[in-house]
Amino acid sequence: MVELIRSIELKVMDDKTDNAMTEKQLLEKEQLALVAPKNPDAETLSSDDTATTSSGSEQLKPKVKQREVWANKIDFLLACIGFSVGLGNVWRFPFLCYRNGGGAFLIPYFISVILGGVPVFFLEVSLGQFMSEGGIGTWKISPLFQGIGFASAIIVFLLNCEYNIILTWSFYYLFSSFTSVLPWSHGDNEWNSETCRSLYRNAKNASEQLTNTISAVANQTNNTLVYVTEATNQLVNTSVSSNETSNKFVCDPVTEFWERKVLQLSSGVDHPGNLKWDLALCLLLAWIVVYFCIWKGIKSSGKVWVDAGTQIFFSYSISLGTLTALGSYNRFNHNILRDSLLFASVNSFTSILAGFVIFSVLGFMAKKQGVDIESVAESGPGLAFIAYPEAVSQMPVSPLWSTLFFIMILLLGIGQSEKLRRGKRREIFIGIICIICFFIGLSMVTEGGMYVFQLFDYYSASRIVLVVAFFECIVVAYIYGMLFWYFLGIRRFYDNLEMMFGFRINRWFMLCWTVITPIFTMGMFILGAISYSELTYKRKTLTYEYPSWAIGIGWTLACISVIWIPLFMIYRIANAKGTFAERFLATTKPVLRRHQLREGEDLSKIILLDDTLSETESQSLERNDIIEPPSYQQALLGASVELKKHNSDLNV
């Protein structure tokens with residue numbers, strides 16, 4: 001209707017200057033205005049567009065729903081990096097790499113980047129930019145499959161519950177760093193085992209005695225001092241190494257701080273134990289910080305392959321709906337292909353850098369404890385909270401470095417929690433979500449909370465994101481813009497990308513979206529099902545096997561998100577009219593606006609939304625309902641009525 005009002009104004013002005021123009025010619029001009037694409041930024045971004053009569057006495061303001069955009073082109077790239085590059089890189093990647101053979105893990109990792117990560121990342125952000133909608137509204141390109149958006153929202157909700165537990169642990173370590181001596185740097189604490197305390201005290205006494213001996217001869221020559229120092233070091237290592245060899249799985253201050261102090265780990269998931277109030281308060285603080293950071297909106301073997309593929313999707317934040325939301329705040333003509341490639345480089349580099357740090361520390365710990373690297377620490381989610389604290393404890397002024405490190409971890413985690421929302425109602429909604437997630441998170445800060453945390457981490461998103469990505473590729477490649485038996489979806493989307501970028505992108509992405517990436521994602525999911533092994537918790541001294549009822553809860557977490565895709569399809573088909581084929585065609589018609597139309601678009605194959613909507617229609621759109629457009633004859637009739645009305649006003 002913005003275009004309708006503008007065209008009416010032009011017609012009235014033309015009528016005053018050129019009386020030779022007939023009404024038929026005016027209607028033909030109106031017909032062209034109804035289908036002609038115009039500058040999308042002017043439509044979706046400007047709030048000052050007005051149309052006036054020739055007398056200038058009245059302003060007709062179109063009801064265009066304004067959408068925020070990034071202030072600068074670099075803001076989108078920084079937002080993607082800030083959201084995706086974080087805990088998945090410095091926390092999850094190292095323990096998956098450690099669990100799957102170290103360096104050998106990089107081969108399937110980089111193959112997954114090329115075949116899955118970059119193509120799906122580019123697909124999601126470009127969809128968001130084209131549709132200017134969030135994670136759910138974007139799938140109006142094929143309303144039958146809008147359940148993809150709801151599945152992504154559920155996955156994000158579950159991941160929020162899990163991720164803030166990592167922030168909770170980080171807050172705990174941060175507060176524990178406010179001391180002159182880091183508590184995990186020695187074994188003489190009340191929570192340490194008796195064996196560890198005895199070994200530490202014996203080594204400390206031996207060191208003091210030898211230091212006194214050195215002091216007695218320290219007045220001799222430098223060569224003598226060097227000789228005595230070297231002999232002392234050898235003696236210290238010899239006196240302690242025999243005890244460490246027999247107790248190498250017992251005395252590890254860093255691991256004992258993690259398991260006996262931070263977690264106070266119980267014997268299993270069926271023994272939740274008491275609520276740890278110190279962790280509960282840290283969890284509350286984490287959610288308070290997250291809320292106030294997001295409520296104001298935008299400011300400026302087979303198993304190895306499966307782990308590699310899911311890690312790419314996890315660290316790239318794919319299939320979560322957030323990338324489409326970030327992309328939707330781009331201007332229509334922004335070149336996101338360049339940003340996608342830059343993002344992939346930064347993300348993977350960060351993961352590899354974190355892996356180097358972790359494995360360097362693990363090698364040091366293995367050498368120090370006299371054990372193989374496979375036995376130096378647990379291979380689960382707690383690996384980062386063992387290796388990183390061990391690293392900072394070896395540095396001079398270690399409390400300072402520990403404080404800075406865990407502040408960095410908190411900033412990374414909080415950056416991944418940012419959402420682009422504004423408005424009072426949404427602020428209340430975000431507050432409610434934070435409260436719900438907090439109470440769910442309380443189950444993970446009990447003495448058995450680590451077992452619950454691993455259920456969320458293993459089942460809620462790891463493999464399900466592959467299924468969601470598969471459906472995303474299928475919808476864009478084969479359903480969007482489908483014309484009877486001939487599938488033109490991917491060609492339509494390529495045309496849309498050319499409209500945005502001004503050039504035709506490489507056909508490699510067409511090949512990925514139609515063939516390679518769907519086969520890759522579904523293949524990884526099937527391979528994961530074939531090589532599936534039930535969840536276990538591999539600690540340093542033992543391996544815990546989950547009971548069958550806990551595994552059932554895990555599969556419930558896995559299905560609670562993806563089930564929305566078929567449920568929404570059933571809902572759409574059931575509420576449509578006609579035969580099954582007619583219902584399918586009706587519910588797969590893309591819902592587009594005028595600036596999203598291609599040249600020569602067949603309007604019978606789409607649902608064209610008006611640019612000026614009534615309040616009722618706007619609310620209907622927010623509920624993701626389909627609004628049928630007026631027919632062509634109705635549009636011409638409406639234009640004729642408006643013209644006659646304005647001509648009548650001018651004559652008066």
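Is C161 buried or exposed? With a relative accessible area of 1%, C161 is buried, where buried stands for under 20% relative accessible area, exposed for over 50%, and partly exposed for what lies in between (1.4 Å probe, protein chains only).

Before the views, a word on the model. This is a predicted model, in which local features need pLDDT of at least 70 and side-chain atom pairs count only at pLDDT 80 or more, while totals for chains, interfaces and linings use all residues. Residues are numbered from 1 along each chain as its sequence is written, and side-chain values use heavy atoms, with hydrogens and water left out.

**View 1. The whole chain, with its 26 helices and six strands.** Helices (H or I, at least four residues) and strands (E, at least two) are DSSP runs, numbered from the N terminus. The chain has 652 residues, and 52% of them count as buried. Its accessible surface comes to about 30,000 Å², with 61% belonging to carbon and sulfur atoms; such areas come from the Shrake-Rupley method with a 1.4 Å probe, and for residues only the protein chains shown count as cover.

View 2. A disulfide is a covalent bond between the sulfur atoms of two cysteines. Here it is taken as a pair of cysteine sulfur atoms within 2.5 Å, and the count comes to zero. C434 counts as buried, at 7% relative accessibility.

View 3. W508 is found in helix 21, and W508 is partly exposed, with a relative accessible area of 33%.

**View 4. The salt bridge between R539 and E259.** Side chains of opposite charge can pair when their charged atoms come close. A salt bridge is a side-chain nitrogen of Lys or Arg within 4 Å of a carboxyl oxygen of Asp or Glu, and by this rule there are nine. In the pair shown here, the closest N and O atoms of R539 and E259 are 3.0 Å apart. R539 counts as buried at 18% relative accessibility, and E259 counts as buried at 11%.

**View 5. A network of salt bridges linking R492, D495, E498, R504, R598 and E601.** One of its pairs is E601 with R492, whose closest N and O atoms are 3.0 Å apart. This pair links distant parts of the chain, 109 residues apart: E601 sits in the loop between strand 5 (591-592) and strand 6 (607-608), and R492 in helix 20 (residues 489-501). Both E601 and R492 are buried. D495 forms a salt bridge with R598, with the closest N and O atoms 2.8 Å apart. Here too distant parts are linked, 103 residues apart, with D495 in helix 20 and R598 in the loop between strand 5 and strand 6. D495 counts as partly exposed at 23% relative accessibility, and R598 counts as partly exposed at 23%.
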